Amino acid sequence: QVSYTWSRLYGNYDGLFAPNYGPNQLDPNITALFDFPQFLKNGTGNLAGDVTHAIKIFLAKEFVITPVFSFSLGGSFNANSGFPIEPLGSDPAYGDGIVYILQRGTTSRTPWVTSFDAKLGLNYRLTKDSVITVSVEGFNLFNSQRPTQVDNRYTLDFPGHGATPLRGPDF
């Protein structure tokens with residue numbers, strides 16, 4: 001089985017939880033995103049959860065050796081494109097990581113996240129409807145490691161007050 005999904009998550013509101021707002025505001029419905037006009041500037045674009053491409057491949061096959069013995073092989077590959085990196089600045093009243101410095105979703109993205117998994121199983125058929133299986137499974141066999149979260153705060157100073165870069169992404 002092979003599947004490919006193309007999607008787009010676009011707008012100016014991430015929902016009840018705001019993953020890129022300040023230091024990961026995870027309490028629902030308590031953001032100040034619409035309190036001040038400066039919070040809305042550059043705020044429309046690809047949202048934090050925008051993963052444009054998703055590829056999934058699943059393979060499985062059973063090999064019968066005798067009427068009661070068989071072995072099975074299986075594998076899967078998953079790949080998801082990265083999410084947008086949002087350069088965020090500070091606001092004197094609300095602190096760091098709240099104002100979009102550049103248009104949302106137009107800078108860079110995190111790298112693709114991939115995983116390759118495999119399974120080998122030995123099967124013994126007890127009855128027509130019962131099978132005992134001993135299997136070994138391996139997950140992320142190629143040890144793919146990519147960032148799943150980044151610090152979007154580009155400055156810890158307030159705009160117009162000599163803001164300096166903070167571990168921000170390369171633009």
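Aspartate 50 counts as buried, because its relative accessibility is 2% (buried means under 20% relative accessible area, exposed over 50%, and partly exposed in between, with a 1.4 Å probe and protein chains only). Welcome to a predicted model, where local features need pLDDT of at least 70, side-chain atom pairs count only at pLDDT 80 or more, and totals for chains, interfaces and linings use all residues. Residues are numbered from 1 along each chain as its sequence is written, and side-chain values use heavy atoms, with hydrogens and water left out.

**The salt bridge**

- A search of the whole structure turns up one salt bridge (a side-chain nitrogen of Lys or Arg within 4 Å of a carboxyl oxygen of Asp or Glu).
- It joins the side chains of aspartate 50 and arginine 109, at 2.4 Å from N to O.
- The two residues are 59 residues apart and link distant parts of the chain: aspartate 50 lies in the loop between β3 (45-46) and β4, and arginine 109 in the loop between β7 (95-100) and β8.
- Arginine 109 counts as partly exposed, because its relative accessibility is 32%.

**The strands**

- Strands here are DSSP runs of E with at least two residues, numbered from the N terminus, and two of them pair if DSSP finds at least two bridges between them.
- Strand β4 (residues 53-64) runs antiparallel to strand β5 (residues 69-80), and eleven bridges join them.
- These two strands, β4 and β5, form a hairpin with four residues between them.
- Within this pairing, phenylalanine 58 stands opposite serine 76 in β5.
- β5 is also joined to strand β8 (residues 113-125) by twelve bridges, again antiparallel.
- There, glycine 75 stands opposite alanine 118 in β8.
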